[in-house]
Amino acid sequence: NAGPNLIVCPATLLENWRRELAVFAPDLTVLIHSGSRRAGTARAFLQFDVVIASYETTVKDELLLSNLRWNVLALDEAQSIKNPDAQRTRALKNIPRRISVAITGTPVENRLTDLWSISDFALPGLLGSKSDFAQEYEETKEDAARLAPLVTPIIMRRQVSVVANDLPERIDIPQALTMPRLLAEHYEAVRRQIVEEYGASAPL
């Protein structure tokens, strides 16, 4: 047995992960490490196949969680570690693990350094040190394109067309909004501009 697995996610998704595991892997024993259910010792984690914790709890309990070498450490909404200098990022990268998995729909939100930080968690060293990366790649489309062949082998992309059958039907709920006159005029100007540019395919 390679040891328990740790999933770190936003606090709002703790129960979602528990439910999904109950559906797709019902034989696994699961602990939500949160609030009064927080384990007091690292040995307590060994009773479970999967431990789920929020980012906030993981930072608070870094020393406790670091007393084990986890089999898999998976980060949901991994853009949460896009800032390589943040305490949260450093804490998560310090946790011993055999396999690192970063789950995110936005590996680059603002800067190419976002991608470096997530990659540094998933596969340390792939893109070099932070300083070397900053010297090699500027915030340009050309450098982003240069990066693509390096990270493509470690990225598994799931496009909407692939998962479309798993998604529920879209529900549109029209909601009338009352806006101040100046804001309404600005909205109308933007709406007309988009209609002129995109014609029938305009989203407004």
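**Residue neighbourhoods in a predicted model**

Biologist: Which residues is R69 in contact with, leaving aside its neighbours within four places in sequence?

Modeller: With those neighbours set aside, R69 touches A2, P96, R97 and R98. Contact here means heavy atoms within 4.5 Å. The model is predicted, so local features need pLDDT of at least 70 and side-chain atom pairs count only at pLDDT 80 or more, while totals for chains, interfaces and linings use all residues. Residues are numbered from 1 along each chain as its sequence is written, and side-chain values use heavy atoms, with hydrogens and water left out.

Biologist: How far apart are R69 and A2, in sequence and in space?

Modeller: Along the sequence, R69 and A2 lie 67 residues apart. In space their C-alpha atoms are 8.9 Å apart.

Biologist: And where is R69 placed? Is R69 buried or exposed?

Modeller: R69 belongs to the loop between helix 4 and strand 4. Helices (H or I, at least four residues) and strands (E, at least two) are DSSP runs, numbered from the N terminus. R69 has a relative accessible area of 53%, so it is exposed. The classes are buried under 20% relative accessible area, exposed over 50% and partly exposed in between, using a 1.4 Å probe and protein chains only.

Biologist: What separates the C-alpha atoms of S66 and N94?

Modeller: The separation is 7.3 Å, for two residues that are 28 residues apart along the chain. S66 counts as partly exposed because its relative accessibility is 24%.

Biologist: Let us turn to T58. Which helix holds T58, and which class does T58 fall in by relative accessibility?

Modeller: T58 sits in helix 3, which covers residues 55-60. Its relative accessibility is 1%, so T58 counts as buried.

Biologist: What is T58 in contact with, leaving aside its neighbours within four places in sequence?

Modeller: The partners of T58 are V8, A53, L65, L92 and I95. One of them, I95, is a contact of S66 as well.

Biologist: Where is N165, then? Buried or exposed?

Modeller: N165 lies in the loop between helix 9 (160-163) and helix 10 (181-198). With 78% relative accessibility, N165 counts as exposed.

Biologist: And how far is N165 from L73?

Modeller: The C-alpha atoms of N165 and L73 are 29 Å apart, and the two residues are 92 apart in sequence.

Biologist: Now the whole protein. How many helices and strands are there?

Modeller: The protein has 10 helices and five strands. Its radius of gyration is 22 Å, well over the 17 Å from the globule rule for 204 residues, so the protein is more spread out than a compact globule. The radius is taken over C-alpha atoms, and the rule is 2.2 Å times the number of residues to the power 0.38.

Biologist: What box do the C-alpha atoms fill?

Modeller: Taken along the principal axes, the box is roughly 65 × 45 × 35 Å.

Biologist: What share of the residues is buried?

Modeller: Of the 204 residues in the protein, 33% are buried.

Biologist: Among contacts between residues at least 6 apart in sequence, what share joins residues at least 24 apart?

Modeller: That share is 60%.
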